Amino acid sequence: KLGITAGAAAVSGQYAPLVSALLKDYTGTGKTIAVAGFSYTDGRSSADGNIVAERFTNELIRLKKLKVVERDQIERVLSELKLQNAGAIDPESARRIGRMLGADLLVIGGMVELPDAVLEVNVRLAEVESGQAVGAASGRVPRDWVSR
């Protein structure tokens with residue numbers, strides 16, 4: 001059994017309310033979900049979206065409600081489709097990404113940088129087959145990492 005440090009558990013807990021709010025009305029079971037990523041709504045390029053996506057993915061895995069596609073597979077597909085920016089994902093792109101990943105659901109989101117090292121995260125849950133958003137949530141998380 002792997003141990004989790006108190007710091008890792010605290011980070012995970014910061015994303016739990018956002019993940020729970022997104023999945024609140026979702027009742028499906030046995031589905032596969034992929035977290036496409038997060039980007040700043042002002043269009044700037046940053047690794048921050050990858051960090052938020054990793055933490056969001058970890059929380060989904062921890063919940064054990066859905067099968068979760070690994071981030072490296074997602075990055076490879078996004079790169080192949082030339083869609084590094086999650087804001088560029090429209091319903092048709094969501095369908096293509098989901099099919100390539102074998103996912104039923106796709107998480108996409110945007111971030112807004114707020115004062116005091118806080119990010120507002122706005123996230124949507126899209127059904128791959130229809131490309132339609134079936135859930136949405138917003139929350140705030142600390143930007144508690146060092147940028148390079």
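Trainee: Which side chain meets arginine 71 in a salt bridge?

Mentor: Happy to start there. A salt bridge here is a side-chain nitrogen of Lys or Arg within 4 Å of a carboxyl oxygen of Asp or Glu. Arginine 71 in helix H3 and its partner in helix H2 are 17 residues apart. At 3.9 Å, N to O, the partner is glutamate 54.

Trainee: What kind of model is this?

Mentor: This is a predicted model, where local features need pLDDT of at least 70 and side-chain atom pairs pLDDT 80 or more, while totals for chains, interfaces and linings use all residues. Residues are numbered from 1 along each chain as its sequence is written, and side-chain values use heavy atoms, without hydrogens and water.

Trainee: Is arginine 71 buried or exposed?

Mentor: Buried means under 20% relative accessible area, exposed over 50%, and partly exposed in between (1.4 Å probe, protein chains only). Glutamate 54, at 36%, is partly exposed. Arginine 71 has 4% relative accessibility, so this residue counts as buried.

Trainee: Which residue pairs with arginine 99 in a salt bridge?

Mentor: Arginine 99 lies in helix H4, and its partner sits 30 residues apart in the loop between E4 and E5. Helices (H or I, at least four residues) and strands (E, at least two) are DSSP runs, numbered from the N terminus. With the closest N and O atoms 3.4 Å apart, the partner is glutamate 129.

Trainee: How many salt bridges does the whole structure hold?

Mentor: Beyond those pairs, Asp42, Arg44 and Glu113 are linked in a network. Lysine 24 also bridges to aspartate 25. A search of the whole structure gives a total of 9.
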